[in-house]
Amino acid sequence: MAGFPILSLVTFLPVLGMIIIMFLKKEQALTIKYTTLLITGIQLVVAVVMLLNFNYNAQGVFQQSSFQFIEKFRWIQVPGVSWLGTVKIDYFLGVDGISMPMILLTAIVSFIATLSSWNIEKSIKGYFALFLLLDTGMMGVFVSLDFFLFYIFWELMLLPMYFLIGIWGGPRKEYAAIKFFIYTLFGSVFMLLVMIGLYFSAFETLADGTKVHTFNLLAMMDPSNFSANGILSPFNPSNLRFIAYIALFVGFAIKIPMFPFHTWLPDAHVEAPTPISVILAGVLLKMGTYGILRISYPIFPDITKQLMWWIALFGMINILYGAFVALAQKDFKKLIAYSSVSHMGYVLLGMASLTTAGISGAVFQMFNHGTITAMLFLIVGVIYDRAHTRGLDEFGGLAVQMPIYAGFVTVAFFAAIGLPSMSGFVSEALVFVGSFSVEGIRVLSILSSLGILLGAGYMLWTLQRVYLGKLNEKWANLKDLDVREYLMFVPLSIIVIFLGVYPSGMLNIMTTSVNTLVNLVNNGFAKVLF
Amino acid sequence: MTESLLITLSIVTLFLPLLGFAVVVLTGKKFSKMYLFEMLIISATLLISLTIAFFKLSYYPHDIVASLDWFKFSNVPGIGTLNFEIGVKIDNLTALMLIVVNLISFLVHLFSIEYMHGDPRYNRYFSYLGIFTFSMLGIVLTHNLLMMYIFWELVGLSSYLLIGFWFEKKSASDASKKAFIVNRVGDIGMFAGILILFTNYHTFTFDKIFEQISMGHLPFNSPAWLTAAGILVFMGAVGKSAQFPLHVWLPDAMEGPTPVSALIHAATMVAAGVYLVVRIFAMLTADAMTVIAIIGAVTSFIAATIALTQNDIKKVLAYSTVSQLGYMIMALGVGAYSFAFFHLVTHAFFKACLFLGSGSVIHAMHHEQDIRNMGGLRKKLPITYYTFLISTLAISGIPFTSGFLSKDGILAGTLTFGKLTGYWFIPALGFLVALLTAFYMFRLVILTFHGEPRDHHKYDHAHESPFVMAAPLVILATLSIFIWYTPNPVGADQGWFLSKWVKTPHTVVPQNQRFNFMKTEEKTAAAETSEPALHEAEAPVHGEITHSEMYTEAMHASHYPAMFLSIAMAGLGILFAFLIYQWKKISADMLEEKLRPLHKFSLNKWYIDELYDATWIAGTLAFSKMLYWIDSVIIDGAVNGAATVTRFVSRLSGLFDTFVVDGFVNFTAFLSGFIGLNFKKLQTGKVQTYVIFVVFAIIIIMLVFKPY
């Protein structure tokens, strides 16, 4: 395995697909679809191969030697530009226990979303080309270990998303697309500033002994790489580091989305076509929390510890606020969108605990929310395709008309409620185990548990309004799931139940890295480990 | 039969019903006879369970435990290894529960073959019974709190599915939703309690937690947290066992098919709450026990008063279930541990019999449930009548029945508790409820089976149930006789059930957190120190004897007073019922007239549902609407406002650009154009004009510079 650029393969395979599609004719709709399916299928296989070759005992996080599938070479080098010095940017990819689950998630969700894109009718060629580009952007974010590269992928994913919502979306698609784009870009500006600040503060020693500024994330985690007077150096007594942390956090928080930066999400979801909602909720939101774990936590452990109460507070607000607002919705898709806000709150709460159980719960919850919410958006998509409406009060009794569909609905809804035996329970329970064990945020943890009550409330109420009761005669001709839809729901249901019964399957991947991260943050800096 | 074989068998019996569920759910549409597969499964489960119970009770005095790591975190900073264990523990309680759960489950399966006949989702019904049996067995077999919570939620799911089985009815889907959500309230408390224990002890296993507490390691080093943990875990029982203030879901749960009510909402699942308290009994402090006793007593009283006036046959039984569960909880609160568990078992049988009996009546009356339209059914349904009567005698606490034994024990326990602690209102409520129970149960029997039929049409079509429905009734009624539990019809103490199988566990609570009557006497403590060898030989696994001698004596003294008083109360209740409804010496209508406010209060269930609707439900919905308004108007308004402001500013700068910046550029151009335009007029091309300019220029220079 060694030496084979598997991460580049998994990341850029979709671009290859995009190029193939560009050479196909507009009329070859089916070929385009099968090409995309094949490409995402191969990507999924590659991700699984990675998992099979994954070393569960490698720490990663800050230590280059224990990252896996590393690819690192000089990408850009401009020698000696006056005051700038040598500009050096690496093409640096690698995986540890925190990114591995995200890679699997991206591959799974992209594959399912391709199946769900089957009935897209408008300009198919453009749609699938952009779809594949989006796939590359997401995957790139999860494998980059160089801040510059990370930033490029982060921005790369914006462009196709903008067009996918703006062209293939619903009635208010332009508004939603622009709101999404500008809001995220607004956050990216902060990220860019912090990135440049860090670049000018940190050094990397080259093979010939010269010190150059660096975008290498791992180098930024080591305090010995900072000069005493660098603006974002840990030795600098000014509170610029604190401000930088918050700026970076806001950049990530918009993506999560964290209250009060969440209002782009319901609009984007309501307008986006089903497969794009699936990707958006399934993968994109995780980029925010992943960014915090990958960048904010290990580079700013000092500030992270100072602010943990605030992160937990915003986690709690997300959980409760999202749940309450979901309860007030009349639009099925909007309800699921707000439930995402609530469920991402658990990720924040778990992360804030800075314990192994809490952070494992958070990473696991990222994965589980990805699969479960993907199912929920597919469920909305199924009736929207058939009935062309999403009003919660316009249905009723669909369980009689579409029993197989209703079966999957029951699985997905109870998974979202956090029923034991489904994956969501384990991650939420771990989040609570972690956050409750920390005295400082115990009260917030207890208050957050109200979210599991409200969650049962809005999900079961929805189940009742749409699926139970007497069949609304208007919908007496709706057909049950077809084979393609079956293929979307079955694998997701299996994953959700399998991980609910056997959570070790996912938790073992991350434990070593999470422990390392917990140590790193709690002990201040990387050098003082173990 | 080795221990490991017993463990294996218990795992088989746990997963068989799940297999049944999976197979029937996946194939039920294709094969109409799949329910027979489910019958096969439950029969096998029953046989294996009986085997396990027999071997455990006969040959193994100690507990059989096996566990494995479900998942774990190694090398956790500051902790080491964090294990999330799952495991099986077979002790006497488990063995007895295995018999109760599987026997009733089997009988209910049998009963349902006929009762549910012709239902369009017939197979699915049986598969749901399968997943219920699986979840319930999980609760019974587990040795730790985490697994308890997991199966706790799973029985909640099966209960949700079965209450809402006829989900086309709005009332059914409402009831199932209500049941799940109300239970979640209790579950949050339970989960918080579990978190307190796990945070401190890093284990979910009952025995390991108790061991740590007995070694003096209290949660967060404070007895208050121990009390809190006990009460919070008990909250799970408040939800599942329908205790006040979370009892409201159980009566509504009667929307489910009647055999389901018998199995889940009377005999087994609702008793899981009692079982949970039984499991954590060893760590309950005096304060926690007081809370539990009060909740139990209040619940049993409220439910009994509501049952007095209900007219739906299933509603009466539902409230009587709530009331009897309150009894069990109260019994645990006052320390009458073994009688609480005893009552759980006896109640399971006679209440299942009552519910299946009501199912038989409802079936015969073509889904009529209102007792005002019944009457005289004794002649039409003799088997149903006699089995129903025996169970009613049992629940009323008449000698020679199982209910008499367990109820009498509980009442003696409350009396002792009142004597030793001064909380006299608990025995007072206990005996009052005994009277009310006898009254409303005989009211039910008389109105349903005695007298003249009030709806002749339905009466004429009524018919006794076939064998598969009658057999479970007979079996359950037989199990309501004393002989199965003790040879002595008036004292259960000598019976094998209490003397051999169910013993009060050793408490692990620190001395100063116990009731006085549970404290270890000074003398004994001294003896322990002087004779360590003896102590060791007799030492339990951990903890100390729960009841002091003072308690044993007091309990002994209460035995006969409690017995006579409880018989008197039951007799009085039955007498009133006959006076009013059978012999009509006292007019029911007149009573109703005279006590109108009280009657209305009872009929409307103390208005508790209305109160919750108006406060919690309406409040939550209003709050959620308000937050949504804030979200769309203020927060999103701020976002859109920022966009508007940006656009306004950009328009302003656009204007500035157009008029000022570009204006300046254009003005410059204009100016040079203007100047050029005007100055070109000087260029005339005539030599004379130029000569004049030159002359003028020379004159000006001469005047200005004065070169002369």
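## Report on a two-chain predicted model

A:Val10 lies in helix H1 (residues 6-23) of chain A; helices are DSSP runs of H or I with at least four residues, numbered from the N terminus. This is a predicted model, in which local features need pLDDT of at least 70, side-chain atom pairs count only at pLDDT 80 or more, and totals for chains, interfaces and linings use all residues. Residues are numbered from 1 along each chain as its sequence is written, while chains are lettered from A and ligands numbered from 1 in the order in which they are written.

A:Val10 is buried, with 29 other C-beta atoms within 10 Å; a residue is buried if 20 or more other C-beta atoms lie within 10 Å of its own, exposed if 12 or fewer, and partly exposed in between, with C-beta atoms placed from the backbone. Beyond its neighbours within four places in sequence, A:Val10 contacts A:Gln43, A:Val46, A:Ala47, A:Met50, A:Ile103 and A:Met139, contact being C-beta atoms, placed from the backbone, within 7 Å. The C-alpha atoms of A:Val10 and A:Ala47 are separated by 7.0 Å, although the two residues are 37 residues apart along the chain.

The contact between the chains takes 41 residues from chain A and 38 residues from chain B. Helices of chain A that each supply at least two residues to this side include H12 (301-327) and H14 (356-387).

| Bond | Omega |
|---|---|
| A:Ile256 to A:Pro257 | near -10° |
| B:Phe244 to B:Pro245 | about 5° |

B:His366 has a positive phi of about 55° although it is not a glycine, and B:His366 is exposed, with 10 other C-beta atoms within 10 Å.

Conventions:
Two residues are in contact if their C-beta atoms, placed from the backbone, lie within 7 Å.
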